[in-house]
Every structure is written in C-alpha cells, then in structure tokens.
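Open the structure in your viewer and keep the selection tool handy.

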Amino acid sequence: MQTLTQTNFNFPGQTSFYRGKVRDVYSFEKVVVMVASDRISAFDVILPRAIPFKGQVLNQIAAHFLTATADIVPNWLLEVPDPNVSIGKKCETYPVEMVVRGYLAGHAAREYKAGKRSVCGVTLPEGLKENDKLPTPIITPTTKAHEGHDEDISREQILARGIVSEAEYSQLEHYALALFARGTQMAAEQGLILVDTKYEFGHDEGKIYLIDEIHTPDSSRYFYADVYEENQRLGLPQKQLSKEFVREWLIANGFQGKEGQIIPEMSDEWVEQISARYIELFEKVTGKTFIKANTEDILGRIEENVLRSLTSH
C-alpha cells in the first residue's frame with residue numbers, strides 16, 4: 001500500500017514551497033495549495049513511518065468542518081480537488097495558535113499535575129482531576145513556531161509584544177470560542193465530547209479568515225460521551241479519539257521528543273493500527289463512511305487534479 005511521504009511538484013505560477021510537519025504547501029499569487037501527506041508527528045517530531053490514508057482523513061475532516069462553520073467566520077477553503085488536497089485563499093498568518101480547552105487534558109493536565117494553577121495566564125481552580133470539565137472553555141494560546149516547539153504564551157504577553165493588536169486579538173478570541181461551541185455541538189451529535197482543539201487565523205485586505213485544518217485528530221482531542229461520566233467517577237482513563245494514543249505509545253517506549261532520545265521502531269502492525277484508528281475517527285467525527293482513495297499512483301493523481309484545478313483559479 002503506497003503512502004504519501006512527501007511531494008516535490010513544480011506547478012506553473014508557483015511562487016514558493018514550504019514543507020510543514022504534515023503538509024506540503026505550494027503558494028501562488030492569490031491561492032495556496034495544501035497537500036496533506038501521510039506523515040505523522042508527535043512532540044513536534046516527524047515519526048519515521050507514514051500512516052496509510054492519514055492525509056486523506058485529515059484533509060476531508062478539515063473540509064467537512066470548514067464547510068460547517070463558514071457562517072461563523074469566513075475561511076480560506078475554495079476547493080478540494082483531490083482527497084489529499086485543499087486549495088484556498090492566500091492569507092497573512094497571525095503568528096499565534098488559539099488553543100481552546102473545555103476539559104483538563106493533555107498538556108494542561110500535565111502542567112496542573114506538576115502543581116501549576118495557571119496555564120498561559122489563565123487561572124485554573126483547585127481540586128480538579130485529569131479530564132474534568134472546566135467551569136467554562138478557556139483559551140491558552142501558543143506562539144506559532146516554524147521549527148521546533150510552539151511555546152505557551154499569555155494574552156497579556158501577546159498584546160505587550162505587539163504580536164497581534166488588541167482589537168484583532170479580541171476578534172480572534174470571539175471566533176475561537178464560537179467555533180469551539182459549534183464543534184462541541186457537532187461532536188455531541190456524534191456521541192463525542194470535543195475536549196480541546198486549536199485554531200489558526202490569517203488576514204487579507206483587512207478581513208480575518210480561519211485557515212488551516214479544524215477539528216481533526218491532529219488538532220483536536222475527543223472523548224466518547226457514553227463512558228465519560230463513569231470513567232471520571234472511577235478514575236479510569238477516558239476512551240478518546242485523537243492521536244494521544246500515539247503520544248502515549250511513544251512515552252511508554254521512552255520517547256518524548258527530548259534531546260538524545262531515540263524514536264522507537266514502528267512495526268507494520270502498529271502502523272496499520274494507527275491507520276485504522278484514523279479511519280475510525282473520520283467516520284465517528286463526521287458521521288460519514290470513509291472511502292479509501294486509489295493509492296496506486298498517489299503523486300500522479302494529485303498532480304493531475306491540482307493542475308486541472310489551478311486552471312480555474
């Protein structure tokens with residue numbers, strides 16, 4: 001089974017190329033072409049093996065939610081010409097990620113466990129345990145790093161450093177919370193709880209746009225609603241849909257992205273298991289059946305579909 005590890009296209013009119021952890025991004029004068037590869041990253045490190053259909057899952061979940069939230073905030077998406085590709089409006093990116101948390105999980109839970117009662121300048125109440133629902137959703141922004149780790153930052157620091165103006169930042173907060181509310185509602189309809197997620201925004205000609213992916217397993221964490229209360233009561237781990245299970249496997253095998261640590265070997269069986277979990281996540285989150293794209297000649301298929309689409313933009 002072929003996987004899409006990377007692309008090296010040279011499209012007519014292309015002005016630049018950027019390879020992110022997961023996406024290959026081709027820029028043009030007015031549009032960007034984002035190719036979702038099958039690469040998988042954890043702890044800001046790209047793991048050595050690609051995951052079959054992961055790129056398709058991410059791309060199609062993102063398109064599903066961008067379409068479903070376009071009434072809240074305008075977004076960058078113009079077209080999905082291929083299962084792994086989105087073409088959208090070119091925007092100037094705000095250098096902060098808006099992380100919204102409804103529950104004490106992941107990074108915030110680790111910080112809380114270590115005795116911290118403030119995350120990104122937001123005070124957390126005493127007496128919480130891991131995966132408890134927060135009194136109200138909070139925003140814990142991070143700086144957007146091109147390389148290495150994104151860093152926690154507070155609203156106050158963002159404004160003090162002039163990273164984003166106060167008026168714009170207030171609008172980003174408003175959009176992020178409204179998107180999280182819609183994501184929470186859509187998750188509930190599928191028997192899921194949207195635990196936390198991140199949003200990225202850009203601007204063009206004075207207008208703010210939602211960009212990149214939203215509510216995907218790479219940017220979000222979901223719990224299964226039917227067992228949530230019982231698991232919390234018994235102090236059991238939550239059944240979740242996210243790539244946290246990959247992070248947990250890495251931690252159990254002595255890897256957390258720290259210097260000198262070696263990425264554990266990923267067996268064929270483990271790679272297949274991750275792929276199956278991503279497909280399960282697609283179907284559970286969207287309520288749609290996942291249709292595997294033809295992977296015989298992924299690169300040829302993508303190039304053909306993108307070239308066809310570019311002529312119309």
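**Stop one: a pair of helices**

Helices H1 and H7 make a left-handed crossing. This is a predicted model, so take your time as you look around. To find the pair, select residues 54-68 for H1 and residues 268-286 for H7. Two packed helices are described by the angle between their axes and the distance between the axes. Here the axes come within 9 Å and cross at roughly 15°. Angles under 35 degrees count as roughly parallel, so H1 and H7 are roughly parallel to each other.

Which residues make the contact between them? On H1, show Lys54, Val57, Leu58, Gln60, Ile61, His64 and Phe65. On H7, show Tyr278, Ile279, Leu281, Phe282, Val285 and Thr286. Colour these by type and you will find nine nonpolar, three polar and one charged.

**Stop two: helix H6**

Now select residues 244-252, which form H6. Its buried residues are Glu244, Phe245, Val246, Arg247, Trp249 and Leu250. What do they pack against? Their partners are strands S4 (41-42), S16 (220-224) and S17 (240-241), together with helices H2 (106-113) and H7. After H6, click on glycine 254, whose phi is positive, near 75°.

**Stop three: threonine 140**

Finally, select threonine 140, in the loop between strand S11 (133-139) and strand S12 (142-143). Is threonine 140 buried or exposed? Its relative accessibility is 1%, so threonine 140 counts as buried. Show the side chain of arginine 101 too: a polar contact of 3.0 Å joins it to the side chain of threonine 140. Among the other residues that threonine 140 touches are Val99, Val119 and Cys120.

Terms used:
Residues numbered from 1 in each chain as written. Predicted model: local features only at pLDDT ≥ 70, side-chain atom pairs only at ≥ 80, totals over all residues. Heavy atoms only, no water. Axes fitted to C-alpha atoms, helices over the stretch in contact; angles between N-to-C directions. Helix = DSSP H or I, 4+ residues; strand = E, 2+ residues; numbered from the N terminus. Parallel < 35°, antiparallel > 145°, perpendicular 65-115°, else oblique. Left-handed = near helix turned anticlockwise from the far one by under 90°. Contact = heavy atoms within 4.5 Å. Nonpolar A, V, L, I, M, F, W, Y, C, P; charged D, E, K, R; others polar. Buried < 20%, exposed > 50% of the residue type's maximum accessible area, 1.4 Å probe, protein only. Polar contact = N/O pair within 3.5 Å; in protein donor to acceptor, adjacent residues only side chain to side chain. Lists of a residue's contacts leave out its neighbours within four places in sequence.
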